[in-house]
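Me: I have a sequence and a model open, and I would like to learn how to read the features. Please take me through them one at a time.

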Amino acid sequence: MKSRTKIGLLRVYFHIDEAQSLKQKRQVMRSIKDRLSNQFNVAVAEIGSNDLWQAGELAVVTVANEHQFVDSMLQKINNFFEEELPIRVIEGRMEILRKVASTGGRSAKSGGLILPDYCSSCRHL
């Protein structure tokens with residue numbers, strides 16, 4: 001049986017104008033992560049710029065069995081970053097990955113390889 005699992009990944013690097021300290025940055029980041037999780041039912045993780053108080057980097061992941069659904073979700077989330085958050089997007093990158101069934105020599109626990117299916121840069125400033 002062919003796997004149709006699609007994994008959508010959006011990585012966003014942004015500037016937080018209102019943050020004047022790491023404490024304020026953490027408050028903004030927590031708010032963004034909570035809003036994304038609640039509104040879009042996605043997984044969100046801070047992936048960099050941890051010690052820079054006006055910079056943020058987040059990875060947002062969604063999983064579905066249809067490429068079109070994953071692409072649509074990533075577009076909505078990208079628009080959310082661009083239009084509804086107190087940040088300025090510096091760079092964004094969207095990827096849709098597909099899972100490939102494991103081959104004979106691999107452990108059953110590995111579940112197969114994950115390969116890029118589609119990649120697009122959302123915005124570069």
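The turns below go from the overall layout to strands, helices, aromatic pairs and backbone angles.

Reply: Two points on conventions come before the features. This is a predicted model, in which local features need pLDDT of at least 70 and side-chain atom pairs count only at pLDDT 80 or more, while totals for chains, interfaces and linings use all residues. Residues are numbered from 1 along each chain as its sequence is written, and side-chain values use heavy atoms, with hydrogens and water left out.

Me: How many helices and strands are there in the chain?

Reply: Helices (H or I, at least four residues) and strands (E, at least two) are DSSP runs, numbered from the N terminus. The chain has two helices and five strands, and their order along the sequence is β-α-β-β-α-β-β.

Me: What percentage of the residues count as buried?

Reply: Buried means under 20% relative accessible area, exposed over 50%, and partly exposed in between, with a 1.4 Å probe and protein chains only. By that rule, 36% of the 125 residues of the chain are buried. Contact is a separate term and means heavy atoms within 4.5 Å. Of the contacts in the chain between residues at least 6 apart in sequence, 67% join residues at least 24 apart.

Me: Which strands are joined to β3 by bridges?

Reply: Two strands pair if DSSP finds at least two bridges between them. Strand β1 (residues 6–15) and β3 run antiparallel and are joined by ten bridges; Val12, for example, has Leu58 in β3 as its bridge partner. Strand β2 (residues 43–48) also runs antiparallel to β3, with five bridges, and the bridge partner of Ala43 in β3 is Val61.

Me: Why is β3 described as largely enclosed?

Reply: Strand β3 (residues 55–64) has seven of its ten residues buried, so it is largely enclosed by the rest of the structure. Val61 lies in this strand but is partly exposed, with a relative accessible area of 28%. Leaving aside neighbours within four places in sequence, Val61 is in contact with Ile7, Gly8, Leu9, Val42 and Ala43. The C-alpha atoms of Val61 and Leu9 are 4.7 Å apart, although the two residues are separated by 52 residues along the chain.

Me: At what angle do the two helices α1 and α2 pack?

Reply: Axes are lines fitted to C-alpha atoms, for helices over the stretch in contact, and angles run from 0 to 180 degrees between N-to-C directions. Helix α1 (residues 22–40) packs on helix α2 (residues 67–83) at about 145°, with the axes 12 Å apart. On the α1 side the contact involves Ile32, Arg35, Leu36, Gln39 and Phe40, and on the α2 side Met73, Lys76, Ile77, Phe80 and Phe81. By class, this contact has seven nonpolar, one polar and two charged residues. Here Ala, Val, Leu, Ile, Met, Phe, Trp, Tyr, Cys and Pro count as nonpolar, Asp, Glu, Lys and Arg as charged, and the others, Gly among them, as polar.

Me: How many aromatic pairs does the structure hold?

Reply: A pair of aromatic rings is described by the distance of the centres and the angle of the planes. Rings of Phe, Tyr and Trp (its six-membered ring) pair if their centres lie within 6.5 Å; planes under 30 degrees apart count as stacked, over 60 as edge-to-face and the rest as tilted. The structure holds two such pairs. In one of them, the ring centres of Phe14 and Phe81 are 6.0 Å apart and the planes are at 45°, so the pair is tilted. Phe14 is in strand β1 and Phe81 in helix α2, so this pair ties together parts that are 67 residues apart in sequence. Phe14 is buried at 0% relative accessible area, and Phe81 is buried at 0% as well. Phe40 and Phe80 form an edge-to-face pair, 5.4 Å centre to centre with 80° between the planes. Phe40 belongs to helix α1 and Phe80 to helix α2, so the pair ties together parts that are 40 residues apart in sequence. Phe40 and Phe80 are both buried.

Me: What is phi of Asn41 and of Ser49?

Reply: Most residues other than glycine have a negative phi, and most peptide bonds are trans. Asn41 has a positive phi near 55°. It lies in the loop between α1 and β2 and is exposed, with a relative accessible area of 68%. Ser49 also has a positive phi near 55°. Ser49 sits in the loop between β2 and β3, in a hairpin with six residues between the strands. Ser49 is buried, with a relative accessible area of 14%.
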